[in-house]
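Visitor: Could you show me the model and then walk me through how it is put together?
Guide: Gladly, here it is.

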Amino acid sequence: MREKLADRLVPALLAIGAVLTAIDVVWTFTVAPLVQGARLSEPAIIAGQVVTTKLLLSQKIFYLHVPVAVASFAAMAVAAFFAARFLATKDRAHDRASRTAMQVTLVFIIATMISGDVWTRFEWGVWWVWEPRLTTYFILMLLVIGYFILRNALDDPERSARFGAVFCIIAFIDAPISFFITRLVPSSVHPVVFRTDSGLPPAMLIPFLLGLFGMCMIAFALYRYALRVNTAADEVEELKERLEELDASAQRAAADEALERLQAQAAALVATDPAADSAADPAAHVGDMPPIPSKED
Amino acid sequence: MSSPVPESAAPFAIEARGLVKQFGGRRALDGLDLELPQGGFLSIFGPNGAGKTTLLRELALLARPTGGELRILGVDALEEPDVLRSRIGLISHKSMLYGDLTARENLAFFASLYGLEGPEAGARIDELLRLVELDHRANDCARTFSRGMQQRLSIARALINDPELVLLDEPYSGLDPHAAELFDRLIARVRDGRTFVMVSHDLEKGFDLCTHALIMARGRAVVCAETAKIDRAAFRDLYLATVGMGVA
Amino acid sequence: MAGTHRGKSGVDRVERLRPSAFAQYRALLAKDVRQELRTREMLTSMIVYSLLVLTIYGAALAQVGDKLQVVSFAGGLLWALIVFTSLLGLNRSFSHETESSCLEGILLAPIDRAVVFLAKATSNLLFLLMVELVTVPLFFVFFLSGAELPPTTPMILLPLLVGTIGVAGVGTLLSTMAIDTRGRDVLLAILFIPVAFPLLYACVSATGVALMGVEGAFATFWRSLALAAAYDVVMVAAAWGLYEFALDS
């Protein structure tokens, strides 16, 4: 019941999320003042100029970038949660949820990478720096891509799900460690940027939070939507297998005949022995809906 | 499923009820029922993909069924697999031997996994090597052995823990007729009241050895009966019909 | 518990013992070491491979005249060498186990899956350390022989040890999952490098500080080392706990 409700909410959530994010962006670019958002630990030459501090126009992208980043990490947390549930229960629905959340994570991480890169370009005048946030998201992107490569490299769906879940949990643990290590290990090569969050004027907390909620709503809506698509895809797969099974029913007639023949023979042979019922009753299986064939070996 | 039933009260070596192995829409096992008395020899036949190997892996406790009940040697296999593992042995078409260790080192290694060490283990390894007629090659690397010798050594490996249930997974594949005959003789010598379960494509050999025969298709039992009560020709017809079904 | 009577085959009954986890661990480790000492497959291929990487470094650094310059990024070069060499070794570490399904033979026994992990991780750690024993001195001979190294240089042993522990622990889990996949060599690299990145980052920092011996920078050394150690604790524990799912069950 609750799931049905969640699915009905998808369009509404998408709309509200989009509106909130739009408000955030408009607010940011019209109302938000330029801030002394970043200070360098030492004078550095950036884009041909010696600077110690910067007025950040690009600070504005922060209002979009951080919500996207938070949403991607939240999606990954959901993926890891369902991965753990899958390992505990071996229920395929949890695997599907975990995989879907990872797909959403990938989308948001790519969005994070793009917005982060634009930020870098404006803030430091270069396309890329190995700065803790960017590095972490780069590693996170590699981890999520690795997850999908691992799953595709395994033919057996059960193993693909199990190994995928293991790697998802490892990646989820690795990501924050990556963030803390790249942040806490001082790098002697690049100037360290201290992000002073005090640079965020209190009034701007509102658009920031709006963006954050908006993005999380969009992420959730995308997740529900993708989950529905994935569920439908899995069902189609199962139905296809069942159809193939039905196609082969003509061949089974011969086998059924042989079954009955043997049954008669076996019954005649063991008529005097009460242990005859140890033979399974093949007739019980004949009329059933054909099961889905196994693929092993 | 609480404590295991005392052994005396367990006439069945294997008792399976509605065994299911499923992932997604695929059912490798689809409600399989099976009963095998202690000391019996069950041969499992069936087309490729019928679930034979899946069933054997579950009996070997290498895979867990997703549904149904499974009691092995009177112990609930789903509740207490670790208690059972030391009472089960598996001989597969893969030797499960380290090519770069000698015959004796291989056996000593597997013995120590079962808690057998020191002089006691040494004596047992000597005995087993004599039994499989490899005592003269005890200190040669397994890699230098012929396929037949490797298979004999893997019998010794599987018997290292003195199992009550021995599982055979396509043991004849890759064996020449002479080696296969030797293998049969050895199996006959180590029967000793143990229960055997064999998966094989060789209908004649499998039928000769066994006391019970099971034909599987699509994860279910087509028939499971005592061989003594079964007409051989009819059984072969049924087997061929099952293999010819093409739906498994 | 040994069931019915025996004797026809002349094989005595065996008393059923609950095997101790430590004895099993020791047996698994001894088996790996004995096998490797006999074939030297993993060690030889890793050492030869590391020589090749050093050769490439030779070409890459041919235009850098000043040894001092090399010292400033020697830590990074050394760790790149270690990571690539380890990847090769980790890929090979399960080749004996899969050759004739030996891993299944192990899993048949009443053995805790975590013991299998610990034994494999320990043997991988031992082999990686043995290889480092050869390659690290070679690296110094080839690229730092003229440089004036500070007295703090021997302290690189600490990040080397801490880093190798993490590489062996995480690598054992990931290579177990990569064994039976299509294109497993590439897959292990794809999985391993991003997971090991934080460890690499911290170890390069600590190694770099020790090699440059800058006054007052040792707070950085200890902090990096502590972070690498924290990574080891968290990731090895996670790999240990998740290992049973990486084996078939």
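Predicted model: local features only at pLDDT ≥ 70, side-chain atom pairs only at ≥ 80, totals over all residues.

Visitor: OK, what is the strand order in the open sheet of 6 strands in chain B?
Guide: The order is E6-E7-E8-E3-E9-E10, with mixed pairing; helices (H or I, at least four residues) and strands (E, at least two) are DSSP runs numbered from the N terminus, and two strands pair if DSSP finds at least two bridges between them. Strand E6 (88-92) and strand E10 (220-226) of chain B are at the edges with a single partner strand each, so one side of each has no neighbour in the sheet. On average, neighbouring strands are turned by 15 degrees against each other, direction ignored, where axes are lines fitted to C-alpha atoms, for helices over the stretch in contact, and angles between N-to-C directions run from 0 to 180 degrees.

Visitor: And which way does E6 run against E7, and over how many bridges?
Guide: E6(B) and strand E7 (residues 165-169) of chain B run parallel, joined by 5 bridges, and Ile88(B) stands opposite Leu165(B) in E7(B).

Visitor: What about E8, is that strand buried or exposed?
Guide: For strand E8 (residues 195-199) of chain B, 5 of the 5 residues are buried, so the strand is largely enclosed by the rest of the structure; buried means under 20% relative accessible area, exposed over 50%, and partly exposed in between, with a 1.4 Å probe and protein chains only. Thr195(B), Val197(B) and Val199(B) lie on one side of E8(B), Phe196(B) and Met198(B) on the other, and both faces are covered. In a regular strand the side chains alternate between the two faces of the sheet.

Visitor: Which strands pair with it?
Guide: E3(B) is joined to E8(B) by 4 bridges and runs parallel to it, with Val197(B) as the bridge partner of Leu42(B). E7(B) and E8(B) also pair in the parallel sense, over 5 bridges, and there Thr195(B) is the bridge partner of Leu165(B). Between E7(B) and E8(B) the chain passes through H6(B), and this β-α-β crossover is right-handed, in the sense that, with the strands pointing away from the viewer, the path from the first strand over the helix to the second runs clockwise.

Visitor: Switching topic, which residues of H4 are buried, and what covers them?
Guide: In H4(B), the buried residues are Ala121(B), Arg124(B), Ile125(B), Glu127(B), Leu128(B), Leu129(B) and Leu131(B). Their cover includes helix H3 (103-113), helix H5 (147-159) and helix H6 (177-189) of chain B, contact meaning heavy atoms within 4.5 Å. After H4(B) comes Glu133(B), whose phi is positive, near 60 degrees.

Visitor: And the other sheet, what is its order?
Guide: That open sheet of 4 strands in chain B has the order E2-E1-E4-E5, with antiparallel pairing. Strand E2 (26-37) and E5 of chain B are at its edges, each with a single partner strand, so one side of each is left without a neighbour in the sheet. Helix H1 (residues 52-59) of chain B packs on this sheet, touching E1, E2 and E4 of chain B, and its direction makes about 60 degrees with that of E2(B).

Visitor: How much area is buried between chain B and chain C?
Guide: About 4,100 Å² is buried there, of which carbon and sulfur atoms give 53%; buried area is the accessible area (1.4 Å probe) that two parts lose on being put together, summed over both. In chain B, Tyr98(B), Leu113(B) and Asp192(B) lose the most area to chain C, together 17% of what that side buries. The contact takes 48 residues from chain B and 46 residues from chain C.

Visitor: Last one, how many helices and strands does chain C have?
Guide: Chain C has 9 helices and 0 strands, and 55% of its 249 residues count as buried. Its C-alpha trace spans about 80 × 35 × 30 Å along its principal axes.

Conventions:
Residues numbered from 1 in each chain as written. Chains lettered and ligands numbered in written order. Heavy atoms only, no water.
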